[in-house]
Amino acid sequence: MSSNSVTLTSPLISNVTYVNGSLVITEGESASPPPNISKNGSTWTLTLEADRQGSESVASSFVNATGGELHEYAPDGGGGTPEKLNFFYQATVTFQVGAAALPVNVFLAQGHYSTTNNWWIGGSSVVNVDDTPLLIVVGNNAIKAILKISGGTSSFNFDTP
């Protein structure tokens, strides 16, 4: 197995947790969930020990779980929907907006792009429309925050637009 890390960066993130039992991995591959979650400043690192064999069935499950292309994003090697993914899992990211703690569930997926493994993020709160800034909408009816998502092969940054 290999160490597979993705980072989430924002001063607004107050907590990140793994959703137990949410890991989907290519059949026959091994993993040791849950991912280790650590924080350094405003950067959270999630590291999962897992094999890296992509499959169409994992990609299809990710697309179904997220709601499709409108709700998926990969800052490096993305566009459309993933054809193959090594694995994905669900995490709850809590954003602190003023006095309100706003949890949002996202799916984090690892694929393959060029000579590296790339990461995707998805879920009902991720909105990806026509090359406009990618937004994540968190909150309830009374309190909402809209954050722009950017990043790299294995990182996601959440900023106010």
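With which side chain does the side chain of Gln110 make a polar contact? The partner is the side chain of Asn4, at 3.1 Å. A polar contact here is a pair of N or O atoms within 3.5 Å; within protein, one must be able to donate a hydrogen and the other to accept it, and residues adjacent in sequence count only if both atoms are side-chain atoms. The model is a predicted one, in which local features need pLDDT of at least 70 and side-chain atom pairs count only at pLDDT 80 or more, while totals for chains, interfaces and linings use all residues. Residues are numbered from 1 along each chain as its sequence is written, and side-chain values use heavy atoms, with hydrogens and water left out.

The two partners sit in strands: Asn4 in β1 and Gln110 in β8. Helices (H or I, at least four residues) and strands (E, at least two) are DSSP runs, numbered from the N terminus. Asn4 is buried, with a relative accessible area of 1%, and Gln110 is buried too, at 2%. Buried means under 20% relative accessible area and exposed over 50%, with partly exposed in between (1.4 Å probe, protein chains only). Asn4 also reaches Arg52, through a polar contact of 2.5 Å between the side chains. Leaving aside neighbours within four places in sequence, Asn4 is in contact (heavy atoms within 4.5 Å) with residues including Leu46, Leu48, Arg52, Phe87 and Trp119. Counted in that way, the contacts of Gln110 include Arg52, Leu85, Phe87 and Trp119.

Phe87 and Trp119 lead on to the aromatic rings. A search of the whole structure finds six aromatic pairs. Rings of Phe, Tyr and Trp (its six-membered ring) pair if their centres lie within 6.5 Å; planes under 30 degrees apart count as stacked, over 60 as edge-to-face and the rest as tilted. The rings of Phe87 and Trp119 have centres 5.7 Å apart and planes at 75°, so this pair is edge-to-face. The pair links distant parts of the chain, since Phe87 in β7 (residues 87-97) and Trp119 in β9 (residues 119-122) are 32 residues apart. Phe87 is buried, with a relative accessible area of 0%, and Trp119 is buried at 1%. Ring pairs join Phe87 and Trp119 with Tyr18 and Tyr89 in a cluster.

A nonpolar core is a set of buried Ala, Val, Leu, Ile, Met, Phe, Trp, Tyr and Cys residues joined through side-chain atoms within 4.5 Å. This core has 25 residues, of which Leu8, Tyr89, Leu108, Ile121, Phe156 and Phe158 touch the most other members. Elements that give two or more residues to this core include β1 (2-9), β2 (13-18), β5 (43-50), β12 (144-152) and β13 (155-159). The strand that gives the most is β7, with five residues. Another core, of nine residues, lies apart from the largest one, and its members include Ala59, Phe62, Phe107 and Trp120. In soluble globular proteins, nonpolar side chains tend to be buried together.

Ala59 and Phe62 also belong to helix α1 (residues 56-66), whose buried residues are Val58, Ala59, Phe62 and Thr66. Seen down the axis of α1, these residues fall within an arc of 100°, so they line one face of the helix; the arc is that of the directions from the helix axis to the C-beta atoms. An α-helix has 3.6 residues a turn, so residues three or four places apart point the same way. Glu56, Ser57 and Asn64, on the other side of α1, are exposed. The cover over the buried residues of α1 includes β3 (24-25), β6 (72-73), β7, β8 (100-110) and β9. After the helix comes Gly67, with a positive phi near 105°.

Another detail of the backbone is the cis peptide bond that joins Pro33 and Pro34, with omega about 5°. Pro34 is found in the loop between β3 and β4 (36-40). Most residues other than glycine have a negative phi, and most peptide bonds are trans.

Thr94 lies in β7 and counts as buried at 14% relative accessibility. The C-alpha atoms of Thr94 and Ile13 are separated by 5.7 Å, although these residues are 81 residues apart along the chain. Finally, β12 and β13 run antiparallel and are joined by five bridges; two strands pair if DSSP finds at least two bridges between them. A hairpin joins β12 to β13 through two residues, and Phe158 in β13 is the bridge partner of Ile149.
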